[in-house]
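Subject: Structure handover

Hello,

Here is the structure I promised to pass on. Please open it first, then read my notes below.

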Amino acid sequence: MNSGIGLIVWIIAYPFVSFSLGVLLGGYGRKLTARIQRRVGPSWIQPFFDVVKLMSKKTNVSHGYMHDVAMMMLVGGTLLTMYFVPVPGFHYFSQFGDYIVIMYILLVPPLGMALGVGQTANPNGSIGIARALQMLAGYEVTFVLTFIGFAMKNGTTSMYELMMIQQSGGVATWGLVTNPLLGVAALFCLQGMMNEKPFEVVIAPHEIATGPMTEMGGKYLGMMFIQHLINLVVELTIYMNLFLGGATNWFEYVAKLFALFTLVMSVNAVYGRFRTDSALRFFWKLPLPMAALGVILIMINGI
Amino acid sequence: MISTAQILYGTSFALIIIGLYAVLSQRNLIRIVIGLNVADVGINILLVTLGYIEGGRVPIFAPGQPTTNWVDPVPAALVLTAIVIGFGVTALMLTLVMRLYAKYGTIDASRIRGLKW
Amino acid sequence: MVSPMLFIIAPLAAAFLMIFINRRGAALALSLLTPAGLAILGVSWLPATLVRAQPIVVASIKAPLGIPLSLDALGAGMAILVAVSSVLIVLYSSSYIHRGHHEVRYYAVVMILLTSAFGLVLTRDIFNLFVFFEILCISSYILVSWEQSGAALEASFKYMVLGSIGSTFLLVSIALAYKAAGSLAMADIAVAFDSAPRGYVIMAAVTFLFGVGVEAAIFPVNSWLPDAHSSAPSSISAILSGFVIELALVVTFRVLNTVFAAVDVLPLLQIIAIAGVLVGEFSAFGQKDLKRMLAYSSISQIGIMLFALSLGSTAGAQAGLSHLLMHAGAKSALFLIAGYFILRTGSRLIDDYTGLGYRMPVSAALFGLAALSLVGAPPLFGFFTKFQILAAAAATGGGLAWFGIASILSGTVLEAVYLFRVIRVLFAQPAERSRVEMDLPALVSVALFTALVVFGALLLPSLSSMIGPIADGLATLH
Amino acid sequence: MAEKELTQRTAWDKVLANLRKRSLWMLHYCTGCGAVELPPTMTSRFDMERFGIMPMVTPRQADILLITGYLSVKTLKRVILIYEQMVAPKYVVGFGSCTINGGMYWNSYTTIKALDRYLPVEMYLAGCMPRPEAIISGFNSLIDKIGKGEANSWKDYYENYEFYKKNQDHVFGDIETHHDVPADGRYFGILEAKR
Amino acid sequence: MYTQALLALPLVGFVVTIVLQGTARRSPAILKTWALLAFVAMAAVATLAFPEIGDTYTGPMVFGSSLSIGLTDLSWWFVMMIAGITVLTSFFTLGALRDTGTYPMYYGWLFLKVFGMLGLVMSRDLLTFFIMWEIMSWATYFVMQQGKEEGREAALGYLVYAIVAGMVLLGGVLFIHQSAGSFEFAVITAYMAKAEFGILLASVLLVLVPFLIEAAVYPAHGWLPSAYASSETSMTAYLSSISTRMGLFGLILFVFSVFGLKAIDRIGISAHLNLRTILLVLAALTAVLPTYTALFQHDAKRLLTWHSIGQGGYMLLGLATASTLGTAGGLMHIFNYMTYVALIIFSIAAVEYRTGTTNLNKLGGLIVKQPVAFLGMLFGIIGLAGIPPMNGFVSKWFIYRSLILGGYPFIALAAFIATVGTIMSVYKLIHNTFLGQLPERYNDVKEVGLLMQLPIWILMGVVFTTGVFPGLILQWIAKIQVGMGIVPIAWTLGGVAREAGDLNMMVVTAVFMATFAVGAIIFFIGGKRRIVSQYDNYAAGHFLNKDVPYNFNYNFYSAFDHIFEKLYHDAPVQTAIRNLGRFVRMVADYVRRFFTGQINTYAAYYVAAVIIALAILKEIP
């Protein structure tokens, strides 16, 4: 699917594939949480129904042109990241942008949302964004350190090449196996990146009325849901490519997706919520030193 | 035996040192002026003794006096100018002391310290 | 051509004539014309002296009885500087000192001061040097105590006490010199000292150094300078800081360099110079009174000049002399402007000059330019002279020279800060905006001084051709 | 609602209605004593989420406005502001008799007696406070109504706004909700432009 | 011929502005139009001077060596940046400076500053370099004087740093001239190549320290925030965009061409522990600490001046790696930073022009009233944060890649921490100014005039186009790198060729536009939407109106403030410098007391001096 007609078809189909994967993941996640809480839980494709209901709302409320453009930027940014993250059989775009590009494109949707929420002029939203940006300094910094260590060890910053290196020796050369410290630290950060329960202070329904999404109604919330679902897939794929050796075929890809998501959602289902500064302190006390140690080990004997 | 020249040199240096000591230690401005004059006198003695030759004669052209073995007149001339200058300076200093007394009401050097640091 | 003797006779005659006529107009005219004429005389003699020194025979009495005077290149150069500066300063004092009944005596004493200044430059006889030195000191004492205020009297008294101690030491040195050489002419003394025992020559040299050094504001003995320069009327502080102490420095260094050549006094001079720079800069940094700050700055600038001269190399001598020229222009301008700041605001403290820059824009600008040149900002004249000094010091090399460079550089930092603290106060938010600019004659003289400083760089090429023989004047005495 | 509207629903409307009915978010605005029935309905025992119903915090995101019991005049002011901030199609569900005819507080001077004079109510759940089973069956019937496209009470607020406005002014005078409801109706095509 | 004209023009401008002072009070327009024309002419001459790269022109003889100026690739690159930003600033000040009557000499000193900078950049020998450096730092001091009252206070603070830097540089110039024998760069390079270690180290340190002070690198950055923030806003834009980079120019010129990389690398223990590593660590500190101080500023201009220090750290990071990618990143970051910081400060100036304040706690919701300013700031902060598609991202990509592959992981981490800090503070900037509730008092605010909008539009275009087509800039950088003796970067129009890494900004932007269009389509699939008033907002049932301030501006990042409370209030470097100042004043006060005013002590000094002099002369043979 990397050249010619196959590429064009895939480029058009990929968003839908990714969205549907996202819906399945979302549904599975809510089902899993329900099961943990000994509940029946919603249908497997509940997110699809939510999106359809939201998008078909009649009287949508907007707070200005920036609010609208922000939503487009939100969805557009996530789709952009989606194209640049290699998936089994499709890595055409990774020749135009390595992981540093991806790392920065990942910031486009939050920036878009932040600008839109800013215009809605709701303090709950601003507090939510402030918390999101502060949390950035927690998990993103550690995740980047793990990536730096990995890239330095393999001498390349391209995600596709890193993936290929890990696939060369099967499971033995997975990132998580060769550099366990980096892998585990990255797992903690994955929990933060996905905005899941221990680090869910950004949305925090009880304190700041779902933070940034306070003023998002109707199709605005719908687009945020679409973005959230695709984002699930993209972030899990990033972690998989960096530490679990990516996927050679689609079954392995979907299996790894659901495995990772189970881990993340089960942690989410059982944990309370950290305050922002205690979350930051957690990230700087455990994952960051772990990642730093991993990098030092790499520097010492290049393992 | 100490020749008169050594005695005179000794007295002049002693006078200069006494004069300087007076300037250093005395608080009273007039005493400082006096100290300076003492130093001046010391210098004049020094200058005069420069030209002194043991058993020399007074260098004055008098009819019938021999014109040899004269004491050197030049330092004496210097002393004249030095005395005149010393006189002028002392006069100016004393007028200043009078004006200072008029202004400050005291001539104690440690109390006249308007200008410091 | 007219005999250089006029340098001594003309101002003396003018002084007594003025007292005799006793009218302000005549006094002013005389005291303007005489230095102007002498400046022209100096310029006319300059080309001749550049070739070789011109001995002057007084009343056709030949040596060794006559008093040996001679006009060499250094003498001519200094004479022109003194003459031009005094013309401008007299022009300034015409509008600065106009009131008061005994104004004629002011100009008379200035003329006498001029006489002694020229005399010091010309004389080759050590006792004659002492006489002119005494006249210079006495006229300075009188001019310092001119305002008859408590501070002025106190300052001049201290100045006089130190001056008298200085003259005492000078007489001791003359006595020693005469004893060794049997003659008062510097040339004979130099020859005698070559063969005299070292201890004897050291004693003579040190007493001479600190004898004349008092007037040249050499570091340990210049404690009179801050009081004298700050409480004297500004025109007099300009004269004192402008050329009197520089003249004394040049004469001291010349005599030490030639007559007392037997003993190597240069390292001592360098130590004294560096100490002078540091003490001057740090004391000036803590000042609140503008004129006192400028006085301390003069101490440090003298230190810089002495450091340049005492490097021993011709490059150092040339740099020192060009810095002397620059300092004469810049420091005179600063003092003259400070005079009018005090005249207009009635206060001597810098903090009271807030917003004066808007009320006296031209003088504030001139103050800024003079300060810039003093600190050595290119492309003004100050930068080139300071750079030459430092380059000469770098050329001689050695620990003391590099320590000197470091202290001059850090001194410049302090100098820039305290000078531009004044600029900040000048251009702070003004209370009111009525213009109180300087009077015209004062403005003209200050403008000319600053012009020398700002466009000094242009006369560098011509200066460099003349500076060679002038700098030789320091090393040889003929 | 005009009969005509019910029959002319296109195939796409039918599909959409059936999808939309599977996801309802309720604004759990605990005005009265019925609020205590909600937590058991949501949690493991009765698990309202099976039907896609979730509690939501802000009016912008909610479809259902639960009025769980009596409404004092002061609270009604807030409820109306909340209702107008909600994004249509929105449904008001009244719990118990207090919302129908004032219930136990029929003669109290502070409560309002009939909710539907101030807001278009989609459904009432009987019971002096309906138990979770009743709530769930009520919601299921609401889901069926949405599926069949009959739950259009929210349009009534736009069409008979004067009636509602008159009653509201009568109770507590004019309030500034920054919503020009008729203008919104025209803008979103719910009312034909300027009849 | 054009090179001399380029240098002469600002000098002529300076003289003419002094002449025009008289008219400044009556009709400021004459002065302003003259300045604009002069700057535009200068920019034109600068572009025409391109063919003259490489030749040298000698000026007057001073101290035995002639002052020479000439264009090289590196200097032409800086000349173009100076000319460009000066024209834009003068355009902006035409509109902004309503009453130049109060700062008549604003343009005069600006001309002299441009003369100093151009001279510095075009100097071909050490003496011209030093003279132009001094003229520039003096002119900067005087330009800062023209601002408000606290501007003059801060200007004196700058003067102290500038004079110290100038004097250390003078010491360096003397030392190098003395050891190498001449001011010519070529002679110095030859000498330094084989100079013995002591002389090399001394001359390198004496020359690098002033550049680090001028470029506001970490320990010596204290002067910049107050000096730049309190001067007039359009001057803040000018100063933070180009003035601080002169120190960096000096660094590049001396490290790469005058001393040569080989000589620099001799200073140090191993390839990983040499002078460049120290520079890297300093640069990392400069990137991180000021950025996190910017987080807590309440004034927009002060926030941005802290950023100008932080971004200076990035440039130094790139240059200190001395690798192809790193230097390319560093050089490009100088250009990028200049464009987007000027853009942000111009929009802040537009806001200040209308609302009269830059206090972040008082502004809000101006997006409705000043959309152009908002757009300008949006493009600016996306560039500053380094997010694609703006140009800031490209240079950061270079720097990151060179740091990671160069084996400096923790410095790369520091760079990323700084980026996170930048994102946080720029969002606070745009949120507090343009987003959130519009206070009542700004209801009648209007957009700024066209003349002030022009620079904003131009810079937006530049920031976007150089972001999407970085090749336009990289081609010059490749030329410069050849001049600096480094393997030039393999550039393409979109970014970097395959072997040098995967970056093609054209594709990234194209895909982003496509996905943005998909987002738009999804948006328009949804139902109609209506823009409501700002008071129609969820406040848990509370009725909002104009006298209820419903903004979250104050203490935006409370968690950070909570954790890093004590680090900000007594920043170690600031207290150290303040103590140094107090020490100098104490010494001055102590030395001053030498002159006790007591005549007896003066006489005692006299006698003591004579005795000591005799003792000294006895020792010295």
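**Confidence**

Chain D has a mean pLDDT of 87, and 95% of its residues reach 70 or more. pLDDT is the predictor's confidence in each residue, from 0 to 100. Among the elements of chain D, helix α1 (residues 3–7) of chain D has the lowest mean pLDDT, 60. Helix α6 (residues 132–148) of chain D has the highest, 92. For the complex, the predictor gives an ipTM of 0.88 and a pTM of 0.90.

This is a predicted model: local features need pLDDT of at least 70, side-chain atom pairs count only at pLDDT 80 or more, and totals for chains, interfaces and linings use all residues. Residues are numbered from 1 along each chain as its sequence is written, while chains are lettered from A and ligands numbered from 1 in the order in which they are written.

**Chains A and E**

Six pairs of chains are in contact, and chains A and E share the most contacts. Two residues are in contact if their C-beta atoms, placed from the backbone, lie within 7 Å. This contact takes 72 residues from chain A and 61 residues from chain E. On the chain A side, α6(A) (123–154) gives the largest share, at 17 residues. Helices (H or I, at least four residues) and strands (E, at least two) are DSSP runs, numbered from the N terminus. By class, that side of chain A has 42 nonpolar, 22 polar and eight charged residues. Ala, Val, Leu, Ile, Met, Phe, Trp, Tyr, Cys and Pro count as nonpolar, Asp, Glu, Lys and Arg as charged, and the others, Gly among them, as polar.

Three bridges join β1(A) to strand β7 (residues 529–531) of chain E, and the two run parallel. Strands pair if DSSP finds at least two bridges between them. Ser62(A) has Ile531(E) as its bridge partner in β7(E).

**Chains B and E**

Here 11 residues of chain B are in contact with 11 residues of chain E. Helix α1 (residues 4–25) of chain B supplies the largest share of the chain B side, four residues.

**A buried helix in chain C**

Why is helix α9 (residues 224–231) of chain C largely enclosed by the rest of the structure? Eight of its eight residues are buried, that is, with 20 or more other C-beta atoms, placed from the backbone, within 10 Å of their own. Among them are Trp224(C) and His229(C). The buried residues pack against helices including α10 (234–258) of chain C and α25 (599–619) of chain E.

**Not touching**

Chains A and C do not touch; their nearest C-alpha atoms are 41 Å apart.

Best wishes

Technical notes: A residue is buried if 20 or more other C-beta atoms lie within 10 Å of its own, exposed if 12 or fewer, and partly exposed in between; C-beta atoms are placed from the backbone.
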